[in-house]
Amino acid sequence: LLAQGGAGARARILETLRQHEGASFEDLRSAQLRHLVQWFPAIARGIPAYRERLASVLRKGAALTWEDVLELPLLTRSELQERGEEFECREPPPAFRVVSRTSTSGSTGRPLMTPGSRASGDWASVLRLRFLSWQGFDPDATCAFITGPTPPGQADPPEGAVAGRWAEPLGRGLGLTLDLKADTHDQLTWIERKRPAYLVTYPSNLLALLKASEGRGERFSFLRAVALSSEPVSQELVELCRRSWGARCLATYSANEVGFLATQVPDEDGYLVQSENAIVEVLRDDGS
């Protein structure tokens, strides 16, 4: 389906994901393990750096257990930075060929370059749509994105750019984009002019916008919610957004290297691991 691409494929993937939502923990874990058994040989063939790392689990084949998976050596950020090209697939299927490279924010030190493909972009879109559907977003409403630097002239203030339908295939709402490098006051003016129902940005940028809007005496009552990613979301920020704009803050936990790891539970403070996308381990101080 990811190779096929398009709105039709995304709709079918979303329907499949809905069927997973009522599965038990044990069923999800079994499904994850089956997928690993299928993927490990292809990963070892296509990615040189993984051939040696996966040698022990490849010998297990269909007899692979979670205990075997937990014995795999951890891949550190510094190793990925130093040997990045060795971790790229040599002959990926067409839909998975590298079409972009994104640098992490460097929030924990040296930035990391991550390759992206059309398929990985489609997959991220599907998971984002599921999260926004859980949170009650109206797919026919307008959504504004201030989420990254863009090439000069592509989404500059004062007008930004129209990025098509942000919730396709669920709805016809337009996605609007503005360059993250735009001045905070230019961003506020753009939001006020476009009057989107939803805003997607980073917590640090939202904090700057809220403080500036308070200084200008503005209250964006047309905004229903703000979806946040890539940085920690404090309770203070959530309360400030509600007090200043009357809008909900919705958080996701993600990384450029692996996409969505977890998303906020509807109407609660906890997070739901995106089990179809990632296996999440919480490490102790000693690395276990």
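Where is the place of A7?

Modeller: Happy to! This is a predicted model, in which local features need pLDDT of at least 70 and side-chain atom pairs count only at pLDDT 80 or more, while totals for chains, interfaces and linings use all residues. Residues are numbered from 1 along each chain as its sequence is written, and side-chain values use heavy atoms, with hydrogens and water left out.

A7 sits in helix α1, which covers residues 6-20. Helices here are DSSP runs of H or I with at least four residues, numbered from the N terminus. With 23% relative accessibility, A7 counts as partly exposed, the class between buried (under 20% relative accessible area) and exposed (over 50%), using a 1.4 Å probe and protein chains only. Setting aside neighbours within four places in sequence, A7 touches E168 and P169; contact means heavy atoms within 4.5 Å.

Now follow the helix to its partner. A7 and V126 are 119 residues apart in sequence, yet 9.8 Å apart in space, C-alpha to C-alpha. Helix α7 spans residues 118-134, and its axis lies 10 Å from that of α1, at an angle of about 50 degrees. Axes are lines fitted to C-alpha atoms over the stretch in contact, and angles run from 0 to 180 degrees between N-to-C directions. The two helices α1 and α7 are therefore oblique to each other, as roughly parallel needs under 35 degrees, roughly perpendicular 65 to 115, roughly antiparallel over 145, and the rest is oblique.
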